[in-house]
Amino acid sequence: MNRYVFPAACGLGLIGNVLSLGILLRTRLKKSSYIFLFALTFSDSWALFYRLDFTRLLIYYGSGVASVGWAFSEEGAYALYVINRIIEFLSNLGAYCSTTLPVVIMVERCVAVFFPLKFNRLVTAKRAWIVVFCVYLFWLPWCFNAVFFTKFYYLRLSGINVGLPILSSYYLTNLKIIEICNTYFFASLASWVPVCLVVIGAVVLGIKIKVSQRKRQELLSSISTASQATHRTTRTLVSVSIVFAILYGYGFVTVLVVPIEASNGLLGIITTQTRFLATYLNSSINFFIYVATNNKFRKYFLENLSWLRSCR
């Protein structure tokens, strides 16, 4: 899984995310919905880099001592370690932010559906960028702190010099505090809390939309183009949030259902690997959701394909 499945899934997802970023940039990001989708796609892209990190792949594809660390000179191994720390910091930041942004998207859609007349005044592009900045700012200290959980260690194994990351004295000294913060605060904010908020938001939105549709049935022919566009945007954003809730919810449920004593057995291995796969799929699948649920995004995508074909 680490050698082939995860890198392949992340590689395909990254290609889709890059296409999504290019298409979203064509909208000039003047609307809050596009800004939040852009930020989510950007965060997902960094999250996928975790499995595409070449310093990590060198270890996964290595054999013998090379599968433990970097079998290079001390300077070369240390350079790889520094690159590994930078990429892991950015990947962690992207992964954490991509769990918070679906909640932001759901809140934005609730405001759009419940307060349609005040929406453009309440939710502006400037405020959307401020919210995105605050999301990144919130997770930045914890992700930066995690950089110092390991330190570089160079030793000789089986006659070969190898450099590898080991737990730092900072981490071991503050182990209890770090575990409490991670288990009861940060891990919760990146797992069951956003999943529950997204599910609640989806249910509330669904009820509101159904009620609104019943009231408009006799006036269906007079629904404005702007209202139809709002419904299309809501469909796209809610679909992204629901997929997030399903895939992350699966990971949360497996942690609760699978007993601790079975974690090292076949069942534990399967659930752990599929939980990782669900996480990477969540960061990879948004491009396909955009194409399937948003006519404007699909139009831009087809135009780009036509342009590429004409260049041949």
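Me: Which hand is the crossing of α2 and α6?
Reply: The crossing is right-handed. Keep in mind that this is a predicted model.

Me: What angle do α2 and α6 pack at, and how far apart are their axes?
Reply: The angle is about 25°, and the axes are 8 Å apart. Helix α2 covers residues 32-52, and helix α6 covers residues 125-146. Angles under 35 degrees count as roughly parallel, so α2 and α6 are roughly parallel to each other.

Me: Which residues in α2 and α6 meet?
Reply: From α2, S32, I35, F36, F38, A39, F42 and S43 take part. From α6, their partners are A125, A128, W129, V131, V132 and Y136.

Me: How do the residues of that contact divide into nonpolar, polar and charged?
Reply: Eleven are nonpolar and two are polar.

Me: Switching to α2 and α4. What angle do they pack at?
Reply: About 150°, with their axes 7 Å apart. That makes α2 roughly antiparallel to α4.

Me: And is that crossing left-handed or right-handed?
Reply: α2 passes α4 in a left-handed crossing. The contact of α2 with α4 has 16 nonpolar, six polar and four charged residues.

Me: How many residues does α4 have?
Reply: It has 41, residues 74-114. Helix α4 reaches 60 Å from its first C-alpha to its last, close to the 60 Å expected.

Me: Where does the kink in α4 lie?
Reply: At S98, shortly before the proline P102. The kink is about 25°.

How values were computed
Residues numbered from 1 in each chain as written. Predicted model: local features only at pLDDT ≥ 70, side-chain atom pairs only at ≥ 80, totals over all residues. Heavy atoms only, no water. Axes fitted to C-alpha atoms, helices over the stretch in contact; angles between N-to-C directions. Helix = DSSP H or I, 4+ residues; strand = E, 2+ residues; numbered from the N terminus. Parallel < 35°, antiparallel > 145°, perpendicular 65-115°, else oblique. Left-handed = near helix turned anticlockwise from the far one by under 90°. Contact = heavy atoms within 4.5 Å. Nonpolar A, V, L, I, M, F, W, Y, C, P; charged D, E, K, R; others polar. Expected span 1.5 Å × (residues − 1). Bend = angle between axes of the 7 residues up to and from the residue.
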